[in-house]
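Work through the exercises below with the model open beside you. Try each task before you read its solution.

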2 protein chains.
Amino acid sequence: MTPYSEMSREEREKELALVKEQFEELKARGLSLNMARGKPGKLQLDMVSDIFNVFQKPEDFLSDGVDSRNYGEVTGLPAAKRLFAEILDCKPEQIIVGGNASLQLMYDTISKAVTHGLLHSPRPWSQEKEIKWLCPSPGYDRHFKVTESFGFTLIPIPMTEEGPDMDAVEQAIQDPAVKGMWNVPKYSNPQGIIYSEETIRRIASLKPAAPDFLLMWDNAYCIHELEGEYVPFPDILSECAKYGNADMPVEFASTSKITLPGAGVSVLAASEANIQYFTELLSVQIISFDKVNQLRHVLYLKDKAHTLELMQRHAAVLGPKFRAVVDALDREIAPLGIAKWTRPKGGYFVSLDALPGTAKRTLALCKEAGVTMTGAGAAFPYGKDPQDSNIRIAPSLPPVQELEQAIEILCVCLRLAALEKLAA
Amino acid sequence: MTPYSEMSREEREKELALVKEQFEELKARGLSLNMARGKPGKLQLDMVSDIFNVFQKPEDFLSDGVDSRNYGEVTGLPAAKRLFAEILDCKPEQIIVGGNASLQLMYDTISKAVTHGLLHSPRPWSQEKEIKWLCPSPGYDRHFKVTESFGFTLIPIPMTEEGPDMDAVEQAIQDPAVKGMWNVPKYSNPQGIIYSEETIRRIASLKPAAPDFLLMWDNAYCIHELEGEYVPFPDILSECAKYGNADMPVEFASTSKITLPGAGVSVLAASEANIQYFTELLSVQIISFDKVNQLRHVLYLKDKAHTLELMQRHAAVLGPKFRAVVDALDREIAPLGIAKWTRPKGGYFVSLDALPGTAKRTLALCKEAGVTMTGAGAAFPYGKDPQDSNIRIAPSLPPVQELEQAIEILCVCLRLAALEKLAA
């Protein structure tokens with residue numbers, strides 16, 4: 001196959017006719033496939049559903065003398081704190097164990113900064129004229145939506161293979177209106193990038209003009225390898241503390257993709273001073289989170305080693321799905337020179353950069369042929385990809401056979417959109 | 001026994017010496033008893049713990065075609081909406097089913113009013129100069145803390161036997177800075193008062209100056225009778241709609257005292273316009289609440305009739321505890337004329353008004369003798385009881401035998417504090 005850019009106009013016209021025909025054929029199949037969100041598949045859900053069998057008798061609901069079924073322990077069961085501290089490589093005293101959704105813990109952290117201010121805030125953020133926020137892009141659309149919802153000005157920061165462009169970050173934080181930054185430091189969403197040690201060092205040693213700069217550290221994929229062994233990763237809390245920034249980071253994680261997305265446990269990790277501050281605010285908001293579910297997770301996951309074994313079983317289900325996507329792209333698209341994509345070793349996404357100006361069109365074509373994808377531009381602040389190029393592929397939900405059909409359709413749509421663009 | 005006020009000084013001195021001796025005897029027992037919070041007792045927790053056995057096979061996790069284990073359905077499982085709509089006598093379209101804590105739903109409703117504004121707000125409340133809030137008192141301390149935490153000015157409204165003093169409420173809402181009001185309309189916390197039909201009519205037909213007046217309707221004890229049959233109660237949503245106030249109320253309830261405080265399900269009910277507005281905001285905050293727990297409740301509680309049967313079993317445990325408290329007060333305190341108390345037919349509290357100026361002292365004495373009670377003044381805005389008279393008794397947690405010991409101590413402390421006061 002010849003790269004499209006090297007084809008003659010005539011060759012491209014011929015190819016366009018051929019690809020159009022393929023597209024119509026695929027469309028005629030009337031499929032309904034979904035690669036939109038990072039949802040685990042049914043096989044993964046069934047695999048962990050024995051988590052619901054851990055309680056057998058009333059005594060099982062006790063943990064460190066606490067009856068998990070009653071009110072109390074607003075910051076979570078001690079045993080759950082120990083489990084997550086081991087997984088995140090921090091101290092149990094640095095942990096709050098929450099409800100089923102880490103997104104809610106993140107939203108609430110920012111919401112409380114707005115309504116009450118953070119530990120080092122001169123005033124609640126609602127009393128500031130403008131709040132600016134750093135968004136490494138492409139990034140997680142739900143992160144960007146949270147800060148957009150509070151009316152912050154979102155500032156895109158380019159992603160490099162080592163993480164956010166730190167020159168840009170170090171420049172931006174000299175503005176005292178810049179109050180924080182989103183991060184998915186391990187297997188970033190959507191590119192699967194692991195922040196390098198140097199990036200983490202530069203982040204931990206930032207000297208922001210804002211005294212209450214909030215480093216949002218969403219360690220969503222902290223133990224979510226797709227292949228190979230667990231990759232150790234620095235603890236951001238102690239890294240920041242080294243540089244006098246102990247209270248700057250707030251870390252988040254959850255078991256949404258360890259046990260169950262609809263019924264997992266979330267966790268917040270921060271300095272002890274922050275934990276004390278957040279606990280005071282949290283005590284007004286809730287008497288306690290679902291401690292029975294916390295204990296269920298403690299009894300099921302046991303410890304880090306046992307949890308990593310479970311993650312290997314998830315990887316055994318997910319690995320082939322990711323390979324199906326990347327293999328198809330290698331085979332169908334690579335020779336044509338119309339897109340680049342990541343080969344993630346963990347996380348839940350493949351990030352693809354199509355020919356600039358063709359992402360929206362590609363996804364419209366996918367939809368026409370029955371494949372739902374994350375909306376074009378979603379990985380950028382305000383949903384606007386300046387290049388109209390980035391496409392997020394979420395291979396986790398469909399069974400492999402459906403996935404192969406979906407990716408076949410995506411490949412044809414990429415080709416069709418590229419040929420249309422080159423003909424224009 | 002002679003009422004203390006009718007005793008001669010000599011008689012009172014004799015009585016004081018006697019009561020002091022009793023107090024020292026009780027103190028010497030070194031007890032540690034708790035009547036501080038409305039926590040269900042172990043018997044109640046064990047009684048409902050078969051809720052954790054409802055799932056047997058993977059298909060059980062499906063509900064209306066939705067896999068409860070995965071992401072999705074931000075407003076809750078349809079089946080859970082139907083269950084709570086039946087219990088609250090409203091429509092499933094008027095329901096959002098949340099996490100384990102209705103307090104969190106309440107906090108979030110007010111927090112979003114502050115950060116984003118409500119459906120009819122001219123601007124977010126954070127941009128208002130002052131927010132005033134009506135607090136029927138005595139009331140629920142955690143309610144008052146939420147509005148205090150956001151810096152609102154709390155305005156006490158006297159409680160009558162029919163609910164809040166509506167003359168005072170109708171007067172207060174003419175101030176556009178008055179943005180809302182707390183309510184526990186059935187078996188109010190702590191007095192166990194049921195709002196009368198006339199009170200509800202006057203509330204539903206309020207014409208507040210604020211266009212975004214928020215009627216917080218915490219129906220915490222909606223089906224929580226302590227004796228006798230279920231008492232039907234008007235649906236505040238349709239009542240308000242009758243008077244053109246469809247978007248004014250937001251109702252809350254939970255299964256914290258139906259199933260488990262630490263692992264129940266919460267619910268928000270409001271007009272369909274409000275539900276749509278809140279859903280948009282909620283979609284930024286969370287992908288979905290714990291739907292497995294929602295489905296667990298649907299399968300366990302089944303429907304309203306079946307849920308009411310369960311509540312009768314709770315009443316069979318709680319009734320004797322409440323009678324133990326009230327009987328002891330009738331026997332030990334009534335003849336002395338030093339306090340009045342409620343005889344609740346539902347809810348979780350007995351409210352006692354001691355001789356003015358003796359509540360704090362009584363509770364300090366209780367603590368000295370090993371009985372922890374809710375702090376004096378807790379039922380009033382800013383924790384300040386102007387009369388220093390109100391004491392909230394929570395009889396639900398201790399087993400009857402412990403409760404009898406605790407109430408014996410309370411009675412002696414009430415007498416001691418009264419005698420000290422009368423001697424002063």
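**Exercise 1. Decide whether Lys91(A) is buried, exposed or partly exposed, then find its salt-bridge partner.**

Step 1. Take the cut-offs: buried means under 20% relative accessible area, exposed means over 50%, and partly exposed lies in between (1.4 Å probe, protein chains only). Lys91(A) has 40% relative accessibility, so Lys91(A) counts as partly exposed.

Step 2. Look for a salt bridge, that is, a side-chain nitrogen of Lys or Arg within 4 Å of a carboxyl oxygen of Asp or Glu. Side chains of opposite charge can pair when their charged atoms come close. Lys91(A) meets Glu272(A) in such a bridge, at 3.1 Å from N to O.

Step 3. Helices (H or I, at least four residues) and strands (E, at least two) are DSSP runs, numbered from the N terminus. Lys91(A) lies in the loop between helix 3 (78-88) and strand 4 (95-97) of chain A, and Glu272(A) lies in helix 9 of chain A, so the pair ties together parts that are 181 residues apart in sequence.

Step 4. Check the partner. Glu272(A) is partly exposed too, because its relative accessible area is 39%.

A note on the source: this is a predicted model, in which local features need pLDDT of at least 70 and side-chain atom pairs count only at pLDDT 80 or more, while totals for chains, interfaces and linings use all residues. Residues are numbered from 1 along each chain as its sequence is written, chains are lettered from A and ligands numbered from 1 in the order in which they are written, and side-chain values use heavy atoms, with hydrogens and water left out.

**Exercise 2. Find which parts of the chain are linked by the salt bridge of Arg202(A) and Asp167(A).**

Step 1. The side chains of Arg202(A) and Asp167(A) meet at 2.6 Å, N to O.

Step 2. Now turn to Glu170(A). Glu170(A) forms a salt bridge with Arg202(A), with the closest N and O atoms 2.8 Å apart. Here, helix 6 and helix 7 of chain A are linked across 32 residues.

Step 3. Asp167(A) is exposed, because its relative accessible area is 52%. Glu170(A) has 28% relative accessibility, so Glu170(A) counts as partly exposed.

Step 4. The structure holds 48 salt bridges over all chains.

**Exercise 3. Describe the interface of chain A and chain B.**

Step 1. Start with area. Buried area is the accessible area (1.4 Å probe) that two parts lose on being put together, summed over both. Between chain A and chain B this is about 4400 Å², and carbon and sulfur atoms give 54% of it. In chain A, Arg69(A), Tyr71(A) and Val284(A) lose the most area to chain B, together 17% of what that side buries.

Step 2. Count residues. Contact means heavy atoms within 4.5 Å. The contact takes 53 residues from chain A and 53 residues from chain B.

Step 3. Look for charge pairs. The rule finds 2 salt bridges across this interface. Asp46(B) forms a salt bridge with Arg69(A), with the closest N and O atoms 2.8 Å apart.

Step 4. Name the elements. Those of chain A that give two or more residues to the side touching chain B include helix 2 (42-48) and helix 5 (141-149). Helix 4 gives the most to this side, with 8 residues.

**Exercise 4. Where does Leu214(A) sit, and is Leu214(A) buried or exposed?**

Step 1. Leu214(A) belongs to strand 9 (residues 214-218) of chain A.

Step 2. Relative accessibility is 2%, so Leu214(A) counts as buried.

Step 3. Met248(A) is 34 residues away along the chain, yet the C-alpha atoms of Leu214(A) and Met248(A) are separated by 5.4 Å.

Step 4. Beyond neighbours within four places in sequence, Leu214(A) is in contact with residues including Trp125(A), Trp133(A) and Val250(A).
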